[in-house]
Amino acid sequence: MTAYQHRVRYHEADAQGFLFNARYLELADVAMTEFFRALGWPYEELVAGGTDPSVVSATLTFSRPARFEDLLDVTARCTRVGTSSFGLDVHVTRETDALATIQLVYVNVDAAAATSRPLPGELAEALRSAAAQ
């Protein structure tokens, strides 16, 4: 599982003083990038190697709110690997409190053709290895 920390900034909070719900997808996007970096695939190399992941499904479950100045731990774990797609679960916590779970499905796309394409073999194997842990 790959982790990074995020401190909730003033402009990310809504009128209730909570981290605005749409910001959780931004956290998940950074988590995906950090997940691949930890696998040895910085994002630029990922794209250069034929992988351009696009979110096709996102399910967010909120348990508790995050507030301005909270320090959050954001972790990503690969849950499944298909021919052209993979799943990541992203967990957002504050100390011992679970705040949100974000279940994402990505499809590898050929951006120019706007179609899916298979994951490169070496990357698919790295994802399968990560999912098995």
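User: Let's start at β6: which residue is the bridge partner of aspartate 110 there?

Analyst: First the general idea: two strands count as paired if DSSP finds at least two bridges between them. Strands here are DSSP runs of E with at least two residues, helices are runs of H or I with at least four, and both are numbered from the N terminus. In this case, aspartate 110 is bridged to threonine 115 in β6. β5 and β6 pair antiparallel over two bridges. Keep in mind that this is a predicted model, where local features need pLDDT of at least 70, side-chain atom pairs count only at pLDDT 80 or more, and totals for chains, interfaces and linings use all residues. Residues are numbered from 1 along each chain as its sequence is written, and side-chain values use heavy atoms, leaving out hydrogens and water.

User: What sits between β5 and β6, and which residue there takes a positive phi?

Analyst: That hairpin has four residues between its strands, and alanine 114 has a phi near 55°. Alanine 114 is not a glycine, yet its phi is positive.

User: Is alanine 114 buried or exposed?

Analyst: Go by relative accessible area: buried means under 20%, exposed over 50%, and partly exposed in between, using a 1.4 Å probe and protein chains only. Alanine 114 comes out at 67%, so it is exposed. Compare glutamate 69, in the loop between β2 (53-62) and β3. Glutamate 69 also has a positive phi, near 80°, but its relative accessible area is 43%, so it is partly exposed.

User: Which other strands pair with β5, and over how many bridges?

Analyst: β2 pairs with β5 in the antiparallel sense over nine bridges, with phenylalanine 62 opposite alanine 100. β4 also runs antiparallel to β5, and 10 bridges join them. One of the bridged pairs is threonine 93 with alanine 98. The β4-β5 hairpin has two residues between its strands, and glutamate 95 in the turn has a positive phi of about 55°.

User: How do I read the whole chain, and what pattern does it follow?

Analyst: Just walk along the sequence and note each element. Here you get β-α-α-β-β-β-β-β-α, which comes to three helices and six strands.

User: How should I read the core, and which residues touch the most other members?

Analyst: In soluble globular proteins, nonpolar side chains tend to be buried together. A nonpolar core is a set of buried Ala, Val, Leu, Ile, Met, Phe, Trp, Tyr and Cys residues joined through side-chain atoms within 4.5 Å. The largest one here has 33 residues, and Tyr24, Phe35, Phe36, Leu72, Val90, Val92 and Leu127 touch the most other members. The elements giving two or more residues to this core are α1 (23-38), β3 (71-81), β4 (85-94), β5 (97-110) and α3 (121-132). α1 gives the most, with seven.

User: What does tyrosine 24 touch?

Analyst: A contact means heavy atoms within 4.5 Å. Leaving out residues up to four places away in sequence, tyrosine 24 touches Leu19, Leu60, Phe62, Arg64, Ala66, Val92, Ala100 and Ile102. Phe62 and Ala100 are the two that stand opposite each other in the strand pairing.

User: And what is the mean pLDDT of the chain?

Analyst: pLDDT is the predictor's confidence in each residue, from 0 to 100. The chain averages 95, and 98% of its residues reach 70 or more.
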